[in-house]
Amino acid sequence: MFRRYFAAMSLAYLTRTFARIGLLSFGGPAAQISLMHREVVEAKGWVTEDDYLSALSFCMLLPGPEAMQLATWIGWRRHGTLGGLIAGGLFVLPGALIVLILSMIYVSFGHLPLVAALFTGVQAAVLAVVVEALLRVAKRALKSRAQRLIALAAFLALALLALPFPLVILAAGLWGFLSSNPLQNLPKTEKPWRASLTAFAIWGTVWLLPLALMLAFAPPLLAQIALFFSKLSLLTFGGAYAVLAWMAQEVVQQKHWLTLPQMIDGLGLAETTPGPLILVTEFVGYVAAAKSGMLTGVAGAATALWMTFAPCFLWIFAGGPWIASLSHAPRLSAALQAITAAVVGVIASLSLWFAGHVLFASQIPLGLGPLQIALPDPASLRLLPTALALLAAYLLLRRHWPLLWVLALCAAATAAAAAFLALPPSL
């Protein structure tokens, strides 16, 4: 009786802890991982430092948001599957609810001149945020000549050859895997095959059965959203920025679900809310489906959310028992390092692509054999967004202002220009 009572109290404590973490998880994965470390390692001692770092290394090998998966692992380690569901769910749900509300407001009122002006400032600030992410990841990832060459190759493959993002990431991981030393001795650990296969069967069904039902019975657009974000959930190595270029290319240029300004606005919303940045997928799902009504938009957001995050529970519940072995596997670690290096090139390509569309009103497409290049038209330079992007970069990189302050300042500047100086946001 007392054991059940204390277990319930401990589970309630876990719930309160991760509800607070979910509400305070601003600032991207680095800040979120630091926040959890302070809470669960330093303050509460729920896991040891070595176990925490091993779990973090394992989560970085997986597709999907590593901070959310780390939260799921902590909950699973403390209270099994129920604890993992609570911790991972509460890490995502506060931000998901906020993004849904903001998406509804955006679709309903985004056409107003003042709102459009606000988001012009947000777009300029987001460009600086992406550049900041590029510098941060490059500093961590490019420590050798080989890694720098991988980053350059990934950049050229995307920016000049327009190769598919999944192919670039797969090639980098394969190169790292095959070029590593496989002879390193691994620690001898138990092989929990039965537990992993059971978890894989259960949570694979939880993820894929709704997908199958939607493909069979849902309206075509919702079925397309479900299939697209299921594929995307398998490719989000290296953080959300790495997959944004491919996602934007697909939803803007191929599927025409969103315009490019809407895509950048969604990234701005995700940057200013708690939770993983990949919550931008929820915004995409809502905006794409809301053309058929608000309820359909909510269904699109829920579909994108499920297909993005349900696989995360599968990876943790099936792979958690293997952390002691996999986190030290030399070939997997080498593959991760190569993918991380390629991510630098991917983010550089994304930065260039965003800059061309945020700072210039028109592009000049050029086709030189296999090369596909879109050069900005110098005559179409947008002065106000350019000035704000430079200001945001200065405040973030040199003055180290909080991100929320920078976004608010840039949004207020374009709103003031539109309201008091009679300047259109495009300037």
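Visitor: What makes the way α11 passes α15 a left-handed crossing?

Guide: A crossing is left-handed if the near helix is turned anticlockwise from the far one by less than a right angle, and right-handed if clockwise. In this structure, α11 passes α15 in the left-handed way. The model you are looking at is predicted, so local features need pLDDT of at least 70 and side-chain atom pairs count only at pLDDT 80 or more, while totals for chains, interfaces and linings use all residues. Residues are numbered from 1 along each chain as its sequence is written, and side-chain values use heavy atoms, with hydrogens and water left out.

Visitor: How do you know which stretches are α11 and α15?

Guide: Helices (H or I, at least four residues) and strands (E, at least two) are DSSP runs, numbered from the N terminus. Helix α11 covers residues 260-271, and helix α15 covers residues 330-358. Altogether the protein has 17 helices and two strands.

Visitor: Why are α11 and α15 called oblique to each other?

Guide: Their axes come within 11 Å and cross at roughly 120 degrees. An axis is a line fitted to C-alpha atoms, for helices over the stretch in contact, and the angle runs from 0 to 180 degrees between N-to-C directions. Angles under 35 degrees count as roughly parallel, over 145 as roughly antiparallel, 65 to 115 as roughly perpendicular and the rest as oblique. The value of roughly 120 degrees belongs to the rest, and therefore α11 and α15 are oblique.

Visitor: Which residues of α11 and α15 meet?

Guide: Leu260, Ile264 and Leu267 in α11 are in contact (heavy atoms within 4.5 Å) with Trp353, Phe354, His357 and Val358 in α15.

Visitor: What about α8 and α9: what is the angle at which their axes cross?

Guide: Helix α8 (residues 193-217) and helix α9 (residues 220-233) have axes that come within 8 Å and cross at roughly 150 degrees. That is over the antiparallel cut-off, so α8 is roughly antiparallel to α9. The crossing of this pair is left-handed. Among the residues that meet are Trp207 and Leu211 in α8, and Leu222 and Ala223 in α9.

Visitor: How do you know that arginine 20 and glutamate 39 form a salt bridge?

Guide: A salt bridge is a side-chain nitrogen of Lys or Arg within 4 Å of a carboxyl oxygen of Asp or Glu. In this pair the N to O distance is 2.9 Å, which meets that limit. The pair links distant parts of the chain, 19 residues apart, with arginine 20 in helix α1 (residues 2-24) and glutamate 39 in helix α2 (residues 28-43).

Visitor: Where else do salt bridges occur, and how many are there?

Guide: A search of the whole structure finds three. Arginine 77 pairs with aspartate 51, their closest N and O atoms being 2.9 Å apart. Here helix α4 (residues 66-109) holds arginine 77 and helix α3 (residues 49-60) holds aspartate 51, 26 residues apart.

Visitor: Why is glutamate 39 called buried, and what is arginine 20 called?

Guide: Buried means under 20% relative accessible area, exposed over 50%, partly exposed in between (1.4 Å probe, protein chains only). Glutamate 39 has 14%, so it is buried. Arginine 20 has 35%, so it counts as partly exposed. Tyrosine 286, in helix α12 (residues 280-289), is buried with a value of 2%. Over the protein's 427 residues, buried ones make up 50%.

Visitor: What makes histidine 256 stand out?

Guide: Most residues other than glycine have a negative phi. Histidine 256 is not a glycine, and its phi is positive, about 60 degrees. This histidine lies in the loop between α10 (240-254) and α11.

Visitor: Where is histidine 400, and is it buried or exposed?

Guide: Histidine 400 lies in the loop between α16 (383-397) and α17 (403-420). At 61% relative accessible area, histidine 400 is exposed. Its phi is positive too, near 60 degrees.
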